Amino acid sequence: MSIEKTDAIVLKTVDFMETSLVLTVFTRDLGKVRGLAKGARRLKNPFETSLDLLASIKLTFIRKSSDALDLFTEAKLARRFRPNSRNLRGLYAGYYVAELLDAMTEDYDPAPKLWRLTDLTLASLAKRGRVGSRVFAYEAYLLDSFGEFPSVRNCVECGQELPLDRVDNLARKIWFENDRGGVVCRNCLARRRTLGLVSTTIGALKALETARDAARNMLLYNVAFEQNLEDQYERARNAPATTLDQIGRNAEIVRESLDSETLEKLETLDPGARRDLRELMNRYIMRIVRRPLRTANWLRYATGEDGAPTRDDVKTLELSEA
Ligand SMILES: [Zn+2]
């Protein structure tokens, strides 16, 4: 048994007995962890109502050496995930991020960069737009970090390079082997009967690469940004509170502009390419996690590739939730 303290994001909560919760959290230092929060549903408890879905928390827990669930002993809220009522897209996308992350990760497999990107993504989904682009960037990074990023430039069978950059027609069709995770050239297509072939477009593949680059840049910018902000606060340690407030406000403006810059290329992509990429991701990710994700149904509303949900859609979603 050892006591651990780490930042964490709540991915799943299930009621347990009369007053407790079983939680799945994704921690900065230890990866995914499952544990029991005794008495978390009592009025007075050591978790200060911080254990909401997708909340970012500071968690203390006892790591059990046996198969028993870890024991969560204390949690403090760092940030609640609470998009306002007009931001349903951000809400649905956040739930999808949680389900996807849970499905892709194993317990106790540390991935601090992924933790950071998840934290950034959820913070942004809760307050800003660009939902579709953020989800693409997140998915691309997740696939990349688990070695599942598809082969988009070379035939997955023979390795031959395909002339992606020489094709300007983004709507041009290309075959993608869903089971092996990559494009197939004409020769290989003619030579063998491939299973799990799906049709996609050059535009979707280029968009996928752009999404991966955006996520990588987002991480780079943010590490530098956080460091710089810390230095500024350090230098202004003895300054009056108004100066500190000003530093915080300026930082927020810089953060916004870095954020727009990082997502700009992805935002301005051809809408057809984005739609094709959404379709490809849904199929490919379902293959990787070996089951349909419940929240993937919400994604077409969340990412706005398919218009806003109608009242009937929302009813259907609520029914499938129940
Ligand atoms: Zn080939």
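The model is predicted, so local features need pLDDT of at least 70 and side-chain atom pairs count only at pLDDT 80 or more, while totals for chains, interfaces and linings use all residues. Residues are numbered from 1 along each chain as its sequence is written, and side-chain values use heavy atoms, with hydrogens and water left out.

**Zinc site**

- The zinc ion is coordinated at 2.3 Å by the SG atoms of Cys-155, Cys-158, Cys-185 and Cys-188, where donors are N, O and S atoms within 2.8 Å of the metal (3.2 Å for Na, K and Ca), and sites may look incomplete as water is not among the atoms.
- Angles of 106 to 114 degrees among the four donor atoms make the site tetrahedral, a label given to four donors if all angles lie between 85 and 135 degrees.
- Along the chain, the donors follow the spacing C-x2-C-x26-C-x2-C.
- Because Cys-155 lies in the loop between H3 and strand S6 (173-177) and Cys-188 in helix H4 (residues 186-191), the pair ties together parts that are 33 residues apart in sequence; helices (H or I, at least four residues) and strands (E, at least two) are DSSP runs, numbered from the N terminus.
- Both Cys-155 and Cys-188 are buried, that is, under 20% relative accessible area with a 1.4 Å probe and protein chains only.

**Open sheet and its helices**

- Three strands form an open, antiparallel sheet in the order S7-S6-S8, with strands counted as paired if DSSP finds at least two bridges between them.
- Strand S7 (182-183) and strand S8 (197-201) each have a single partner strand, so one side of each is left without a neighbour in the sheet.
- S6 and S8 pair over five bridges, and Ile-174 has Thr-200 in S8 as its bridge partner.
- Helix H5 (residues 202-235) packs on this sheet, touching S6, S7 and S8, and its direction makes about 80 degrees with that of S8; axes are lines fitted to C-alpha atoms, for helices over the stretch in contact, and angles run from 0 to 180 degrees between N-to-C directions.

**Strands S1, S2 and S4**

- Strand S1 (residues 2-16) pairs antiparallel with strand S4 (residues 56-63) over eight bridges, and eight bridges also join S1 to strand S2 (residues 20-27).
- S1 and S2 form a hairpin with three residues between them, and Met-17 in the turn has a positive phi of about 50 degrees.

**Glu-139**

- Glu-139, in helix H3 (residues 131-145), is buried, with a relative accessible area of 1%.
- A polar contact of 2.6 Å joins the side chains of Glu-139 and Tyr-96, the term meaning a pair of N or O atoms within 3.5 Å, of which, within protein, one must be able to donate a hydrogen and the other to accept it, and residues adjacent in sequence count only if both atoms are side-chain atoms.

Note on methods: Buried means under 20% relative accessible area, exposed over 50%, partly exposed in between (1.4 Å probe, protein chains only). Four donors count as tetrahedral if all angles lie between 85 and 135 degrees; four count as square planar and six as octahedral if opposite donors are over 155 degrees apart and all others between 65 and 115; anything else is irregular. Contact means heavy atoms within 4.5 Å.
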